[in-house]
Amino acid sequence: MGIQAGPKREYFHQYEAFAVYGLPWSWRLPSGWGLEPQLNTAVGTLVGGNETGFIGSVGTGLSFNKPGNGIALEAGVNLNLLDRRQFGQQDFGSILLWGAYVGLSYRFTGGLGVSYRIQHVSNNRILYTSCTPNPGVDMHMIGFSWNF
């Protein structure tokens, strides 16, 4: 779940269910710390401008971690799909948006995990000229997960 990080024409918040699949490759230092590529997917709702819409995403990420429990630094990029381009007065310009995030997660013994990420979603001017503002939204996202 998340709340908007900065001012926009409308106030946004988001709720989603997500899945992260760790790919079988990793690049590790002798200490055990290293990079792991991941596939990410999520489905949820984006709420803003007194309207609620669907948001779905799929993308890739990298996790800098040590195997097992503990802290990890994560970053990635996503392709997002909305069911509408306008929420109240905020027009995203397209239903197809790009996203990027950075964050921290912590895995406890037993499988429970918590995470925080700052994410940006915008159209990257896919349908806009260079002289038109690039509408988007930044979100503070908090997550709870179960790690297998």
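**View 1. Gly53 sits in a strand.** G53 has its place in strand β5, which covers residues 51-65; strands (E, at least two residues) and helices (H or I, at least four residues) are DSSP runs, numbered from the N terminus. This is a predicted model, in which local features need pLDDT of at least 70 and side-chain atom pairs count only at pLDDT 80 or more, while totals for chains, interfaces and linings use all residues. Residues are numbered from 1 along each chain as its sequence is written, and side-chain values use heavy atoms, with hydrogens and water left out. The relative accessibility of G53 is 4%, so G53 counts as buried; buried means under 20% relative accessible area, exposed means over 50%, and partly exposed lies in between, with a 1.4 Å probe and protein chains only. When residues up to four places away in sequence are not counted, G53 touches G44, T45, L46, D83, R84 and F87, where contact means heavy atoms within 4.5 Å. From C-alpha to C-alpha, G53 and E16 are 12 Å apart in space, although 37 residues apart in sequence.

**View 2. Asn50 belongs to a loop.** The place of N50 is in the loop between β4 (34-48) and β5. With a relative accessible area of 85%, N50 is exposed, whereas G53 is buried. The phi angle of N50 is near 60°, which is a positive value in a residue other than glycine.

View 3. The protein chain has 0 helices and 11 strands, and from the N terminus on its elements run β-β-β-β-β-β-β-β-β-β-β. The radius of gyration of the protein chain is 16 Å, close to the 15 Å that the globule rule gives for 148 residues, so the chain is as compact as a globular protein of that length; this radius is taken over C-alpha atoms, and the globule rule is 2.2 Å times the number of residues to the power 0.38. Taken along the principal axes, the C-alpha atoms of the protein chain fill a box of roughly 50 × 30 × 25 Å. Of the 148 residues in the protein chain, 36% are buried. Among the contacts in the protein chain with a separation of 6 or more, 54% are between residues 24 or more positions apart.

**View 4. Ser105 makes a polar contact through its side chain.** S105 is found in strand β9, which covers residues 96-107, and at 11% relative accessibility S105 counts as buried. The side chain of S105 makes a polar contact with the side chain of E74 at 3.2 Å; a polar contact is a pair of N or O atoms within 3.5 Å, and within protein one must be able to donate a hydrogen and the other to accept it, while residues adjacent in sequence count only if both atoms are side-chain atoms. Leaving aside neighbours within four places in sequence, S105 is in contact with G70, I71, A72, E74, V114 and S115.

**View 5. Val121 lies in strand β10.** The strand that holds V121 covers residues 112-122, and V121 counts as buried because its relative accessibility is 5%. Not counting residues up to four places away in sequence, V121 touches N80, L97, W98, G99, G136 and V137. V121 and L46 are 75 residues apart in sequence, and their C-alpha atoms are 11 Å apart in space.

**View 6. Gln90 lies in strand β8.** This strand covers residues 90-91, and Q90 counts as buried at 5% relative accessibility. With residues up to four places away in sequence not counted, Q90 touches K8, R9, E10, F12, R85, P135 and G136. One of these residues, G136, is also touched by V121.

**View 7. Gly2 lies in strand β1.** The strand covers residues 2-4, and G2 is buried, with a relative accessible area of 7%. Not counting residues up to four places away in sequence, G2 touches H13, Q14, M139, H140 and M141. G2 and Y15 are 13 residues apart along the chain, and their C-alpha atoms are separated by 6.5 Å.
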